[in-house]
Amino acid sequence: MRLVTFQVGETVGLGKVVGDRVIALAAALPDLPASMARLLAAGPEALARVAALQPDSDSLALDQLHLLAAVTDPQKYLAIGMNYRAHAAEAERNGVPIPKSQLWFNKQVSCLNGPYDPIDMPKVSAKLDYEAELGVVIGKRCRHVSVEDAPSVVAGYLVCNDVSVRDWQMRSPTFTLGKSFDSHGPIGPWLVSADEVPDPHALMMRAYVNGEKRQETSTGDMIYSIWEQIAYLSTVMTLEPGDILATGTPAGVGVGFTPKRFLAVGDVVRIEIDGLGHIENTVVAEA
């Protein structure tokens with residue numbers, strides 16, 4: 001199934017997408033939690049009740065809703081750097097050494113943004129860049145997860161743009177500052193449940209800027225698989241329902257070109273992953 005977080009007027013709610021309709025969970029199942037992370041934490045029985053829902057006359061038209069970040073309340077948004085070989089090589093050409101192990105950084109959750117909402121060109125930088133990424137959403141609280149058991153802790157998948165401010169990224173060895181500007185975490189358009197994605201390592205992913213294809217790869221080109229990523233992270237920390245993992249970007253980011261091809265105000269960035277949908281965001285000047 002496909003789950004969204006949407007807004008109508010001042011009301012924010014969860015919904016299940018069926019075709020071009022959305023079933024509002026607050027109306028259909030009012031006893032369930034009202035945020036995505038809390039719904040996932042409620043467990044398989046709650047999700048099974050949502051899966052059984054079918055649209056009726058009270059369902060909403062998808063194209064009439066303002067979609068927010070599919071998960072608005074994760075405890076953590078973690079991203080792995082240089083997890084595609086060609087991208088690692090282009091990063092090395094720009095002075096970033098290829099890591100000898102998984103390289104993780106935080107995107108602060110305040111960066112989260114809707115799948116079609118604008119992204120800011122910061123007042124403090126003109127080195128704004130895009131990164132197409134497959135996002136993984138954790139479905140249950142877990143620690144010390146083996147590679148073999150890792151699929152069992154995944155709730156589903158979504159499309160991410162790891163928007164990056166390159167000069168601020170290099171101000172800190174953790175990358176966190178340059179990855180966490182407000183509005184620089186558009187995700188969505190929905191959370192696609194894991195049962196709809198038989199092999200998350202066999203998805204084609206693309207990025208376009210103003211209609212020009214800049215990135216294209218299969219998620220099978222990852223250096224470290226999703227299962228290896230989960231095992232590695234859960235060695236260190238407890239992963240919680242709703243936590244988001246961005247699993248790496250392929251070659252073709254703006255900083256990798258000669259000359260550099262950073263984003264400008266008015267540019268439209270579209271990230272799409274087969275089977276998951278697309279997000280599309282316009283760059284605007286920071287207010």
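This is a predicted model: local features need pLDDT of at least 70, side-chain atom pairs count only at pLDDT 80 or more; totals for chains, interfaces and linings use all residues.

Colleague: Is Arg49 buried, partly exposed or exposed?

Modeller: Buried would need under 20% relative accessible area, and exposed over 50%. Arg49 has a relative accessible area of 33%, so the call is partly exposed.

Colleague: Which residues does Arg49 touch, if we skip those up to four places away in sequence?

Modeller: Pro151 sits 102 residues from Arg49 along the chain, with 22 Å between their C-alpha atoms. The residues that Arg49 does touch, with that skip, are Leu29, Asp31 and Leu32.

Colleague: On to helix H4 (residues 85-93): how are its buried residues arranged, seen down the axis?

Modeller: The buried ones in H4 are His87, Ala88, Glu90 and Ala91. Seen down the axis of H4, they fall within an arc of 165°, so they line one face of the helix. On the other side of H4 you'll find two exposed residues, Arg85 and Arg93.

Colleague: And which residue with positive phi follows H4?

Modeller: The phi there is near 90°, and the residue is Gly95.

Colleague: What does the side chain of Thr249 reach at 2.8 Å, and which side chain does it join in a polar contact of 2.9 Å?

Modeller: Leaving out residues up to four places away in sequence, Thr249 touches Tyr84, His87, Glu131, Ala132, Glu133 and Gln215. At 2.8 Å, the Thr249 side chain reaches the backbone oxygen of Ala132. The 2.9 Å polar contact is with the side chain of Gln215.

Colleague: Which strands does E6 pair with, and in which sense?

Modeller: Strand E6 (77-81) has 5 of its 5 residues buried. Tyr77, Ala79 and Gly81 are on one side, with Leu78 and Ile80 on the other. Gly81 stands opposite Leu103 in E7, and Tyr77 stands opposite Ile244 in E17. The pairing is antiparallel over 4 bridges with E7 and parallel over 3 bridges with E17.

Colleague: What covers the buried residues of helix H7 (residues 226-236)?

Modeller: Those buried residues are Ile226, Trp227, Gln229, Ile230, Ala231, Leu233 and Ser234. What covers them includes strands E6, E7, E11 (132-138), E12 (154-161) and E17.

Colleague: How many residues are in the largest nonpolar core?

Modeller: In soluble globular proteins, nonpolar side chains tend to be buried together. Here, the residues with the most contacts inside the largest core are Leu134, Tyr157, Ile226, Ile230, Leu245 and Leu276, and the core's residue count is 51. A second, separate core includes Ala46, Ala88, Phe105 and Phe175, and has 34 residues.

Colleague: Last one: in the open sheet of 5 strands, which are the edge strands?

Modeller: The order is E9-E19-E18-E15-E16, with mixed pairing. Inside that sheet, strand E15 (residues 204-209) pairs with E18 in the antiparallel sense over 5 bridges, and Val209 has Val269 as its bridge partner in E18. Pairing on one side only marks the edge strands: E9 (119-121) and E16 (212-218).

Terms used
Residues are numbered from 1 along each chain as its sequence is written. Side-chain values use heavy atoms; hydrogens and water are left out. A polar contact is a pair of N or O atoms within 3.5 Å; within protein, one must be able to donate a hydrogen and the other to accept it, and residues adjacent in sequence count only if both atoms are side-chain atoms. Contact means heavy atoms within 4.5 Å. A nonpolar core is a set of buried Ala, Val, Leu, Ile, Met, Phe, Trp, Tyr and Cys residues joined through side-chain atoms within 4.5 Å. Buried means under 20% relative accessible area, exposed over 50%, partly exposed in between (1.4 Å probe, protein chains only). Two strands pair if DSSP finds at least two bridges between them. The arc is that of the directions from the helix axis to the C-beta atoms.
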